[in-house]
Amino acid sequence: VQLQASGGGLVQAGGSLRLSCAPSGRTFGVNVMGWFRQAPGKEREFLARIMWSGGSTNYADSVKGRFTISRDNAKNAVYLQMNSLKPEDTANYYCAAGRFIGAGRYQYDYWGQGTQVTVSS
């Protein structure tokens, strides 16, 4: 599975961006897509995930109410709509593909190159 996130850029605080991710290649077994981010000197942070089937979603508390994950099964694409952006949202954003492994856990086997989001104050 190949992944590439796109849509990042420079935006002022309070602005919005929409990230896109389109997995390609052999996607057998993949049933969940997630968005993560990593800022310099910080650990990678989970943001949101969505199931390909059914579309159920989960969000990190840090982005709940501001970010929305969605999917387009016809286009085989996943999006992250980011509103009310803050300077602390500045990071490299990644999409990942994986599978539900039970007990509320997910394993992300495929990662794409990130897209940089910079929020100016």
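Biologist: What is the mean pLDDT of the protein, and what percentage of its residues reach 70 or more?

Modeller: This is a predicted model, and the reading begins with the predictor's confidence. The mean pLDDT is 93, and 100% of the residues reach 70 or more.

Biologist: How should I read a sheet, and in which order do the 4 strands of the open sheet lie?

Modeller: Strands of a sheet pair through backbone hydrogen bonds, in either a parallel or an antiparallel sense. Here 4 strands form an open sheet in the order 1-3-8-7, with antiparallel pairing. Strand 1 and strand 7 are the edge strands, since each pairs on one side only. Between strand 3 and strand 8 there are 5 bridges, in the antiparallel sense. Within that pair, Ser20 has Tyr79 of strand 8 as its bridge partner.

Biologist: Which strands are joined to strand 11 by bridges, strand 2 among them, and strand 9 likewise, and in which sense do they run?

Modeller: Strand 2 runs parallel to strand 11 and is joined to it by 4 bridges. One example is Gln12, whose bridge partner in strand 11 is Ser120. Strand 9 runs antiparallel to strand 11, with 3 bridges between them. There Tyr93 has Thr115 of strand 11 as its bridge partner.

Biologist: What does Gly9 touch beyond its neighbours in sequence?

Modeller: Gly9 belongs to strand 2. Leaving aside residues up to four places away in sequence, Gly9 touches Leu17, Gln116, Val117 and Thr118. Gly9 and Val117 are 108 residues apart along the chain, yet their C-alpha atoms are separated by 5.0 Å. With a relative accessibility of 24%, Gly9 counts as partly exposed.

Biologist: What is the idea of a nonpolar core, and how many residues has the largest one?

Modeller: In soluble globular proteins, nonpolar side chains tend to be buried together. The largest nonpolar core of this model has 29 residues, and Met33, Trp35, Phe67, Leu80, Met82 and Tyr93 have the most contacts inside it. Several strands give two or more residues to this core, including strand 4 (32-38), strand 5 (45-51) and strand 8 (77-82). Strand 9 supplies the largest share, 4 residues. Apart from this core lies another, of 5 residues, among them Val32, Met51, Ala96 and Tyr108.

Biologist: Which residues does Phe67 touch?

Modeller: Beyond four places in sequence, the contacts of Phe67 include Leu47, Tyr59, Leu80, Met82 and Tyr93, as well as Arg37 and Asp89.

Biologist: Is Arg37 buried or exposed?

Modeller: A residue counts as buried when its relative accessible area is under 20%. Arg37, in strand 4, has a relative accessibility of 8% and so counts as buried. The side chains of Arg37 and Asp89 are joined by a polar contact of 2.9 Å.

Biologist: Which polar contacts does the side chain of Asn92 make, with Tyr94 and with Gln116?

Modeller: Asn92 lies in strand 9. The side chain of Asn92 contacts the side chain of Tyr94 at 3.1 Å, and it reaches the backbone nitrogen of Gln116 at 3.4 Å. Asn92 and Gln116 are 24 residues apart in sequence, while their C-alpha atoms are 4.3 Å apart in space.

Biologist: Finally, which residues form a disulfide?

Modeller: Cys21 and Cys95 form one, with their sulfur atoms 2.0 Å apart. The torsion about the S-S bond is about 60°, so this disulfide is right-handed. Cys21 lies in strand 3 (residues 17-21) and Cys95 in strand 9 (residues 91-102), so the pair ties together parts 74 residues apart in sequence. Cys21 is buried at 2% relative accessibility, and Cys95 is buried at 1%.

Notes:
Residues are numbered from 1 along each chain as its sequence is written. This is a predicted model: local features need pLDDT of at least 70, side-chain atom pairs count only at pLDDT 80 or more; totals for chains, interfaces and linings use all residues. Side-chain values use heavy atoms; hydrogens and water are left out. A disulfide is a pair of cysteine sulfur atoms within 2.5 Å. Buried means under 20% relative accessible area, exposed over 50%, partly exposed in between (1.4 Å probe, protein chains only). pLDDT is the predictor's confidence in each residue, from 0 to 100. A nonpolar core is a set of buried Ala, Val, Leu, Ile, Met, Phe, Trp, Tyr and Cys residues joined through side-chain atoms within 4.5 Å. Contact means heavy atoms within 4.5 Å. A polar contact is a pair of N or O atoms within 3.5 Å; within protein, one must be able to donate a hydrogen and the other to accept it, and residues adjacent in sequence count only if both atoms are side-chain atoms. Two strands pair if DSSP finds at least two bridges between them.
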